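Here are a few notes to read alongside the model. Have a quick look at the picture before you start.

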Amino acid sequence: MIDLSPGELELSVLDGFARVLRDAETQGWRREGGGCRLDDGLWRRLLDLTPVMPEVEGQGLSFLTLALIADRLGAELKGLLLIDHLAGVRALTGAAESGDASAPAALRQIEAQGGVVGLAPRAGALDPRTPPLSLSGAIADWIIVFDAAGARFAAQSPSRRGEVVGNLADLPVQVLEPAEGWAELQGGPAAARMLAAEHRTLVAAAIGGMARRAMELATAYAKERFQFGQAIGSFQAIAHGLADAKLHADGIELLSQEAAWARNAAPERFELLSQMAFAHAAHAGAAAVKFAMHVFGGYGAMPDFPVQAYFRTVRAVSLAVGDCREARRAVGRVVIQAPPETPFALSASPALEVAGG
Amino acid sequence: MDFSLGPEVEAFRGEARRLFAQHCEFRDGIYQDCRDDEGVLREMGRRGWLDLEREGSMTWDMKMFVLSEEAERMNVPLKGLAATFIVGFTLSRVGTEEQKQRILPGIAAGTTRVALGYSEPGAGSDIAGTKVRARRDGDEWVINGQKQWTSSAEVADYIWLLTRTDPEAKKHAGLTIFLAPIDTPGITIVPIHTIGGQRTNQVFFDGARIADSWRVGEVNGGWKVLSTALVYEHGGGNVPGRSLSGAIARILDLGLAHVREAGEAACANPDVQEAFGETAIELELTRLLNYRATWIGAQAEKADIPGAVFKLLGRQGAVFASERLLELMGPWGLIREGAGGPENPAVSAIQRQFLATPVGTVAGGSVEIQRTKIAERGLGLPRPPRG
């Protein structure tokens, strides 16, 4: 039966994250010279709070908890690299459990050294004409590239560590190069699809946090900014736009949480819900942060005002993960291809057994 | 956290489907108009599904959610049931024993229906601006004036009537509510037909005399009674009746019936897939926001803001869905049913939804009212000056 309250464990973990993120002085990495490097102190604190695997043995956090964490990371715009890392470690762990020869060694190294796993979705099979991007590639020790056909992973080349390209958000983005030494991740397309679904869900949750925080910033500003002798929040054009932004933020939060819940509780719906969550987050999240920035007038576009960072980052992470139109089409295909006797294709309930009878 | 409805509620969904299917024809891939709405209501009453005393239980609320969703999807109107339950719940809190005994058993049996008499020609969103006048005359009240958009009055046994009893008092202070038998002499119902095929009504009061025993709450205490009723209308719980997710699901079903008939090329069209995907996402969101409002309401917390968020999304979503899928019909979408052109039942049904769904964005508190509520009470934004 519907119960939307996080459990005690979740609340305790989220409380820990709130403290760490509040005290964090960086987003998880620093620019240094012409390149960048990991903020080791923050990274260690984040890892300490996030035992990922093995979930099944009760030692790790559930996937739903990871989605709640992603929401908080998005809201603070700090530690976003943890999202790709968590999804990546889960994929490597899954591969190791399936007998992958290389994954266990990678996991041991990651655990021993606090290594960072970066993801490169939309890999395009390492096509040199469309080289894949990794949002945290510049500080990653291991990188997994994946698309619908499969996933491959490799250790980051020492010569490329720290090599960052400027990007829409303040993220340690790296453009990957086709290289020797990529190992196929055990599990083939199925493992890659699971990784993609988990990654989409976590990113959607993070966008939900970004949308909510941007809406809160704009709401606070609308109460203190006066024009025509009144707080601008009293004007319906502003108030109703912020109400819509709340609607967007609430919707993203619920849909990404439902997808994360389905990962274990309703696995047959997980991939579909992850597509829904991402498609909605990319679209509605962008709308929410755009309006939030608009509320600030010209100040919204100034680097000193944090709302613009949400505007940039929502778009950046969406672009990195996938095409929201394609995600909607993927949902549409599931709906259209459902058996005709189940017109209510998206119901969690049994097929419409009475149709026609 | 749990996003499932649980086996009891899902089993109930199956029961509801079977009952509705007995009264609905499934033809051409869609459910046709329900043949016997009154029969459905009576059967629901016989099965104990309309038991008002179960209000507040999460299981009952979610059962009412799936019941309403299935009814809407299968084109069973359950006409007047939502208004009836809003009044039933309110009456069980603030009514006299006599009123409860006269009304509530009939509601539970599915034989008594009530229409809401709030809106007037000059009082829509600003319902406290009501002008229908009630004057006391001994043990009776004499009612004069006009109500507007009084849906289901044509099938109702009573009208839940907001009146002005003290024109000199401040706007919210001079109001009183009555539960007036609809067959009272002096009450005239005049139909209004919408472009979407819905019927609503004007109700005229011309010296209608109502016994004081039909007064609900104190004289001039109508706003307090109304506020209780509005909690049910705008709050988190699920009164059985209209369903926003059911409306979107029906539109989705209708579109599917059409596109499957259109063949593989249509199904493989990326634009078609995207339209169905977007509609399916709106359906899922509407359900989730409804779950949340219901869940918060069941925690005995105020759920008016989650309720407003849900209604804002769902009402707009139904409009968007019908527009989007009508667009997919191409020129077929413009042909009116029974007007001499080629007939396609699914297309006609989508066209009816296209014409009918915009009313949902103004009925029972417009989407602007929902936004204002979210902004002022949910986000704490300052109110604009109001008269």
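Predicted model: local features only at pLDDT ≥ 70, side-chain atom pairs only at ≥ 80, totals over all residues.

1. Residues are numbered from 1 along each chain as its sequence is written, and chains are lettered from A and ligands numbered from 1 in the order in which they are written.

2. Chains A and B meet through 53 residues from chain A and 53 residues from chain B (contact: C-beta atoms, placed from the backbone, within 7 Å). On the chain A side, α7(A) brings the largest share, 15 residues (helices are DSSP runs of H or I, at least four residues, numbered from the N terminus).

3. Chain B splits into domain 1 (7–109), domain 2 (114–221) and domain 3 (243–378); such bounds come from an automatic or database domain assignment. Between domain 1 and domain 3 of chain B, the C-alpha centres are 22 Å apart, and 15 residues of domain 1 of chain B are in contact with 16 residues of domain 3 of chain B. Helix α3 (residues 58–73) of chain B gives the most to the domain 1 side, with 10 residues.

4. Now zoom in on Gly314(B), which sits in helix α10 (residues 304–328) of chain B. Gly314(B) counts as buried because 24 other C-beta atoms lie within 10 Å (buried means 20 or more such atoms within 10 Å, with C-beta atoms placed from the backbone). Leaving aside residues up to four places away in sequence, Gly314(B) touches Leu244(B), Ser245(B) and Thr286(B).

Note on methods
Contact = placed C-beta atoms within 7 Å. Helix = DSSP H or I, 4+ residues; strand = E, 2+ residues; numbered from the N terminus. Buried ≥ 20, exposed ≤ 12 C-beta atoms within 10 Å, placed from the backbone.
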